[in-house]
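Please take a moment to look over the sequence and the model shown here before reading on. The paragraphs below are meant to be followed with the structure in view.

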Amino acid sequence: MPVTMPRMGNIHIPFKALFEGLGIDYIMPPPNTQRTMTLGTKHSPEGLCIPFKMTLGNLIEALELGADKLLVPGGYGICRLGYYFKTQAQILQDIGYSFEMIPVGVSERKFLGIMEIVRRLSNNAPWAKIVSSFRFGIAKMNALDNVERKVHRVRPVEAVRGTANRIYARAVAAIDRAPDYRGLKTAVSGSLAELDGVARNEARPMVVGITGEFYVVLEPFSNLDVENELGKLGVEVRRSTFISEWMKFSLFLNPLGINEKKRVQRAAAPYLNRDIGGDGWESVGEKVLHAGKYDGIVHLAPFTCMPEIIAQNIMPHTEEQIPVLTILCDEQLAKPGMLTRLEAFVDLLERKRRVAAGTAKAN
Amino acid sequence: MVKVGIPRAMLYYQYYPMWQSFFRGLGAEVVVSGETNHTILVKGAARVVPDTCLPVKAFLGHVIALAAKCDYIFIPTVRSIQPKVYNCSKFLGLTDMTRMVIPESPPILDIEIDLNRGQRRLYRDIYRLGQRFTANPFKIKRAALAAWETHCLYRQLMAEHRQTPAEMMAVLFDGEKAPSPAPEPACARTLIALVGHPYLTNDRYLSHRLLERLRAAGCTVLTPEMLTGAQLKQGLEESIGQGYWTYEDEVVGAAGYYLQSGVDGIISLQAFGCGPDSLMTDTAQRQAKKLGTTPFLSLVVDEHTAESGLVTRLEAFLDMVHIRKRERQPLCR
């Protein structure tokens, strides 16, 4: 009775560690490919957003491999995400699969909910074992995000294009393989040292913030690897959304009353003063916060995403000004079109920087 | 007298009698924008990104039309009217978005309705809204209670008389005679259930006069407003169990109920890019397919929808419904 779950960025690696630690039988969906997208799109209602279609594709590919317990997000008061599992269950049943759907709360009972589910899946393993496997999973997640942060900095200034990506791919594989904390530590420190040692050019890179909807920001396949493409254009990307951060806050700190998003939400308040579900509030807030600090912002949103449409409508009207490029992600998004837009955007940022430097000199 | 503007869009069809009664009770004058037309839609659409949904574009157009005619515009934020059931982001962000994209709009009267935060908070918010007009707390309370009674009466009358919101408002406000309670429709009539949100099905421009077209074709049209809350809930529970969206009963609930009650066909009307409806219409459609008893037509509209295309599909659907009806009910011919 193998368990599976949809993919999103590197989230399958820590979950693999958790399942392996507890001896839970699992099958991870194969990496996202055009086939995943095609399968998902074919069986989804057309007006749905790309995270729904991609995750449905993942579930189908995992079911094909023999998985029959599906770990999926669920909840209420967020956006369509909370309803995904009901429609996905109907679709998969209509295709003819038999399975058990296990919704994991993303709006309430996050920590205890997931703990109980893990305990049930592991045939009532002792709590001590669950907690230690869970901790190891989180350690892997932190390790992955630390390496990724470093890659964001090195990619735009590397002397030979592609060096950072190669190191990153090796690091991800090494972290995935690491059997214990010691192996993990060696893998991380080795990769970080390797990244530090990469030959760099002298350029002062543009800094672009990445903001928008959680899934399309975190899943490179859905945004056509926009961070990598920006890096190739010599742009350093900064983003505040990382799975490890999200896990840390939503599982442990939010229940204690610590809200990491307070600052962003306060920044958005003059323009949008309430939660509108999804990440719309934060998108507006990040624009306000980053104005003047970054050169520009790339705002990623799935096509027909309700919260991000509201954010997109409000963003041009804020007093704090910074260039924003909104990229809508769906199954129709094509690389050449996106690259042209990115190049034009980066040209604009460079020109802006030159003009600013020119006026500074003239003064 | 202070003039409060209410756009004839979005939640207008569900709640206008209640709002009107409330503001009049507070001594304000209520101004409503005209029916949606091309100009209103185009003006509204020009202010927002293209993928904003059709009803929101129309709503903004109505606000622009009202801007010079009133002192305040009333845009409530309806977050939740049932425990653990929340509304679409477009409703939640409507107030803030209108404020940002229509800077010339008069001050916006805003009230956040969220029953999950408790009744006390709701009463406090209603009181605060009323304070803008009068300092007399009893007057606010009287106005609020009268408004609630009006709303209950409005809902009850619509269900009893099988009337659409526009027809019922004509009875309530223009002194037109209320029709006698509708008799059970004769089986010779073709019964068509039109499910969808009232701001689409009742807007003659956005829906391309779908309701009139169906009636002109000799059908008796049933809409979600013609059902009681309990009937809608029953339909919802049979289809999907616990609801997720605030206005889910208008689509899934109504479709679920009408599927069971035996209509000749169901037509669902949806705006392109509607987030909740992308899931809800799918659920309703799957339910209809599973039962296999009732033909189901799903119409999606946006500002590019050509009327002739819509009419052709409608005619083909009605032909099919009529043929089925003739074959199945020879006694009723």
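This is a predicted model: local features need pLDDT of at least 70, side-chain atom pairs count only at pLDDT 80 or more; totals for chains, interfaces and linings use all residues.

Residues are numbered from 1 along each chain as its sequence is written, and chains are lettered from A and ligands numbered from 1 in the order in which they are written.

Chain B contains 14 helices and 10 strands, where helices (H or I, at least four residues) and strands (E, at least two) are DSSP runs numbered from the N terminus. The radius of gyration of chain B, taken over C-alpha atoms, is 20 Å, close to the 20 Å that the globule rule gives for 333 residues, so chain B is as compact as a globular protein of that length; the rule itself is 2.2 Å times the number of residues to the power 0.38. Of the 333 residues of chain B, 49% count as buried, a word used when 20 or more other C-beta atoms, placed from the backbone, lie within 10 Å of a residue's own, whereas exposed stands for 12 or fewer and partly exposed for what lies in between.

An automatic or database assignment divides chain B into domain 1 (3-158) and domain 2 (183-332), and the C-alpha centres of these two domains lie 27 Å apart. In all, 22 residues of domain 1 of chain B are in contact with 23 residues of domain 2 of chain B, contact being defined by C-beta atoms, placed from the backbone, that lie within 7 Å. On the domain 1 side, the elements giving two or more residues are α1 (12-25), α2 (38-45), α3 (54-66) and β4 (77-80) of chain B, and α3(B) gives the most, with 3 residues.

Helix α11 (residues 229-239) of chain B has the buried residues Q231(B), L232(B), G235(B), L236(B) and S239(B). They cover an arc of only 135 degrees around the axis, which puts them on the same side of α11(B); the arc is that of the directions from the helix axis to the C-beta atoms. The face turned away from this buried side carries the exposed residues G229(B) and A230(B).

In chain A, V172(A) is found in helix α7 (residues 163-177). Why does V172(A) count as partly exposed? V172(A) counts as partly exposed because it has 18 C-beta neighbours inside 10 Å.

Note on methods:
Two residues are in contact if their C-beta atoms, placed from the backbone, lie within 7 Å.
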